[in-house]
Amino acid sequence: MYPMMVDISKRKVVVVGGGKIATRKLQELMRCGAQPTIIAPVVSPEILEWAKNGEVVLFKRTFRSGDLEGATFIFSCTDDQATNQAVRSEIGPDQFLNDTTDRTNSDFINLATLRREDYLLAVSTFGNDPRKAKRLLHEIAEKINPTQA
Ligand SMILES: C[C@@]1(CC(=O)O)c2cc3[nH]c(cc4nc(cc5[nH]c(cc(n2)[C@H]1CCC(=O)O)[C@@](C)(CC(=O)O)[C@@H]5CCC(=O)O)C(CC(=O)O)=C4CCC(=O)O)c(CCC(=O)O)c3CC(=O)O
Ligand SMILES: NC(=O)C1=CN([C@@H]2O[C@H](COP(=O)(O)OP(=O)(O)OC[C@H]3O[C@@H](n4cnc5c(N)ncnc54)[C@H](O)[C@@H]3O)[C@@H](O)[C@H]2O)C=CC1
C-alpha cells in the first residue's frame with residue numbers, strides 16, 4: 001500500500017450507505033473539501049442536515065447499477081454484503097474503492113489521523129488493527145505535545 005495526500009476537492013466522491021461509518025467518513029471528506037454524493041435508503045440526522053444545506057447530494061434509495069458514473073473515489077459503507085459486492089463489481093479501471101467492511105475488497109484504505117494547524121499525524125496498521133492505529137497515534141501526539149494530545 002502506497003501512502004499519499006490527495007486533493008479530492010475536484011473529484012466526484014460517492015458514499016454508498018448512510019449510517020455511523022458513512023457519517024464518520026463524510027465528516028473527514030467534507031473537511032477536506034469534497035462535495036460528496038450519498039446513496040442510502042436510511043441516513044443519519046447529520047447527513048439529512050448536510051443535504052438540506054446543500055453540502056452533499058443525497059439519493060435516499062438503495063444502490064443501483066450506474067450510480068458510480070463519473071466518480072473517482074467510492075466509499076462502500078453499507079451493512080449489506082451483497083450491496084458492497086455489487087459496488088465492487090461496478091468499479092471501473094479509473095475508480096478507487098474503499099470498502100469499509102473489507103480491506104481485501106478495497107483499492108485504498110484510510111489511516112488514523114490527527115490534524116494540527118501546521119501538521120498532520122497519520123498511522124496505519126496496514127488495515128490489520130484500526131484500534132491499535134488510533135492508540136499509536138495518540139501515543140505519538142502525546143510525545144510531541146503533552147498538553148494538546
Ligand atoms: C482497513 C480500514 C478500512 C477503512 O475504513 O479505510 C478499516 C477497516 C475496518 N475497521 C473495523 C472496525 C473499527 N474501525 C474503527 C475505527 C477506525 N478505523 C479506521 C480505519 C480503517 N478501518 C482502515 C485501516 C486502518 C489501519 O490500517 O489501521 C480509522 C483509523 C480511520 C477511518 O475510519 O477513517 C478509524 C479511527 C476512528 C477515529 O479516529 O475516531 C473502530 C473503532 C471506532 O469506530 O471507534 C472499529 C470497531 C472496532 C471494534 O469494535 O472492535 C473493521 C471491522 C468491522 C466489523 O467486522 O464489524 C474493519 C473491516 C476490516 O478490518 O476489514
Ligand atoms: N471501516 C471502519 O472503520 C468500520 C467498518 N465497520 C463496518 O461498516 C459497515 C457499516 O456500519 P455502520 O455504518 O455502523 O452501519 P449502519 O447500520 O449504521 O448503516 C448501514 C447503512 O447502510 C445502508 N444500506 C443498506 N443497504 C443498502 C443498499 N442496498 N444501498 C445503499 N445503502 C444501503 C443503510 O441504509 C444504512 O444507511 C458494517 O458492515 C460494519 O461492520 C464497522 C466499524 C468500523
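This is a predicted model: local features need pLDDT of at least 70, side-chain atom pairs count only at pLDDT 80 or more; totals for chains, interfaces and linings use all residues.
**The chain**

The protein chain has four helices and seven strands. Their order along the sequence is β-α-β-α-β-β-α-β-β-β-α. The radius of gyration is 16 Å, close to the 15 Å that the globule rule gives for 149 residues, so the protein chain is as compact as a globular protein of that length. The C-alpha trace spans about 50 × 35 × 25 Å along its principal axes.

**Ligand 1**

The side chain of Thr125 places an N or O atom 2.6 Å from an oxygen atom of ligand 1. On its own, ligand 1 has 1100 Å² of accessible area, and the protein covers 63% of that.

**Ligand 2**

Ligand 2 takes up the space of the second largest pocket. This ligand also has 20 residues around it; Gly18, Ile21, Arg24, Val42 and Thr83 come nearest. Which helix provides the largest share of the shell around ligand 2? Helix α1 (residues 20–31) does, with three residues. The shell around ligand 2 divides into eight nonpolar, eight polar and four charged residues.

Phe63 uses its backbone here: one of its polar backbone atoms is 3.0 Å from a nitrogen atom of ligand 2. Taken alone, ligand 2 exposes 870 Å², of which the protein buries 68%.

The table sets out its contacts beside the others.

| Residue | Part of residue | Ligand atom | Distance |
|---|---|---|---|
| Arg24 | side chain | oxygen of ligand 1 | 2.7 Å |
| Arg103 | backbone | oxygen of ligand 1 | 3.4 Å |
| Thr125 | side chain | oxygen of ligand 1 | 2.6 Å |
| Arg24 | side chain | oxygen of ligand 2 | 2.7 Å |
| Gly18 | backbone | oxygen of ligand 2 | 2.9 Å |
| Phe63 | backbone | nitrogen of ligand 2 | 3.0 Å |

How values were computed: Residues are numbered from 1 along each chain as its sequence is written. Chains are lettered from A and ligands numbered from 1 in the order in which they are written. Side-chain values use heavy atoms; hydrogens and water are left out. A residue is near a molecule or strand if one of its heavy atoms lies within 4 Å of it. A polar contact is a pair of N or O atoms within 3.5 Å; within protein, one must be able to donate a hydrogen and the other to accept it, and residues adjacent in sequence count only if both atoms are side-chain atoms. Accessible areas come from the Shrake-Rupley method with a 1.4 Å probe; for residues, only the protein chains shown count as cover. On a 1 Å grid over the protein atoms alone, a cavity is a set of points where a 1.4 Å probe fits but cannot get out, and a pocket is an open set with protein on both sides within 12 Å along at least five of seven lines; lining residues have an atom within 4 Å of a point. A molecule sits in a cavity or pocket if more than half of its atoms lie within 2 Å of its grid points. Helices (H or I, at least four residues) and strands (E, at least two) are DSSP runs, numbered from the N terminus. Ala, Val, Leu, Ile, Met, Phe, Trp, Tyr, Cys and Pro count as nonpolar, Asp, Glu, Lys and Arg as charged, and the others, Gly among them, as polar. The radius of gyration is taken over C-alpha atoms; the globule rule is 2.2 Å times the number of residues to the power 0.38.
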